[in-house]
Amino acid sequence: MPTPYPQIERWALPKGIVGATLNGVRAAGLCGKESGALWLGERAEMAHIQTVILPSGQGVEERSTHWRVAPEVFGTVTTWAKPRHLTLLAIAHTHMRGVPVRLSWADRYCSVQVPGVLAIVIGNGGADHDYREWGWFVYAQGEYRELLQHELAERLQIGNECDIDVWRADADGVWPIER
Amino acid sequence: MGQQVEVTVEYLPATQPYRHPYSEEAVLGTIRTDAMGFFGVSDHQDRDTHQFFLEFDRHRLTNAAETLEQLVGPQRRGAHFNLVEEIKPGS
């Protein structure tokens with residue numbers, strides 16, 4: 001039986017995904033609250049990240065110390081994503097100013113734990129616009145480990161493609177965001 | 001032997017669903033366990049309590065003893081679920 005988690009060697013990340021994520025998380029950051037985004041796409045040896053989902057509203061907690069997404073939101077995103085052949089590839093979230101871009105205990109253990117999924121920490125409430133300054137972690141062999149700069153440069157392919165999708169999600173559904 | 005129901009369970013980080021035919025007398029607890037095995041996840045406790053649930057028609061299913069027939073009604077050929085994780089913070 002084929003694995004539901006094909007090996008990922010590299011990620012193709014359009015610059016627009018970075019910009020859309022920052023646009024989505026900054027407002028909460030300015031209010032001193034963490035926020036985040038789900039990155040979806042095609043999971044393969046070269047995984048293509050194509051879609052940003054910005055959870056907000058019902059089923060989403062944005063606090064100064066944590067960002068939490070209820071199972072019901074993951075349920076609505078699953079129902080929306082699977083007919084589109086989209087798979088969760090990464091969860092990005094912010095840390096507030098002064099908090100290192102490293103995974104907290106909760107970030108490590110209260111998140112999706114399947115091989116190859118990325119956990120990304122954006123510093124300064126979303127004000128750190130250079131993705132290379134973010135914390136990048138990949139789940140492998142039962143734990144999240146940091147992708148060091150040379151590995152990140154090797155495995156992350158930044159592109160200029162414009163055809164990305166940005167959506168908002170809560171416990172009731174998923175909606176497009178006008179850009 | 002009851003009628004067969006083709007069960008599909010989707011999990012957001014997985015590229016493919018869990019698919020399996022079950023008798024309509026099969027209980028949801030069995031389907032949940034089988035799907036979790038396919039996706040390589042498990043209920044567990046660390047500082048917090050992690051538990052996986054099946055969702056059907058946007059409702060979280062908590063009665064493991066409920067049968068497929070009780071859930072979807074008789075004569076239904078297929079049933080589609082999502083698998084989601086709930087994390088209850090420890091005290």
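Helices (H or I, at least four residues) and strands (E, at least two) are DSSP runs, numbered from the N terminus. Select chain A with that in mind: it has four helices and 12 strands.

Some housekeeping: this is a predicted model, where local features need pLDDT of at least 70, side-chain atom pairs count only at pLDDT 80 or more, and totals for chains, interfaces and linings use all residues. Residues are numbered from 1 along each chain as its sequence is written, while chains are lettered from A and ligands numbered from 1 in the order in which they are written.

Next, pick L89(A) and show its contacts (C-beta atoms, placed from the backbone, within 7 Å). Leaving out residues up to four places away in sequence, L89(A) touches W39(A), L40(A), G41(A), R43(A), A47(A), I49(A), V117(A) and L118(A). Across chain A, 69% of the contacts between residues at least 6 apart in sequence join residues at least 24 apart.

Helix α1 (residues 28–39) of chain B comes out highest at 98, and strand β3 (residues 44–45) of chain B lowest, at a mean of 92.

Last stop: where the chains meet. Select the 19 residues from chain B and 20 residues from chain A that make the contact. On the chain B side, β6(B) gives the most, with five residues. For the complex, the predictor gives an ipTM of 0.95 and a pTM of 0.96.

Conventions. pLDDT is the predictor's confidence in each residue, from 0 to 100. Two residues are in contact if their C-beta atoms, placed from the backbone, lie within 7 Å.
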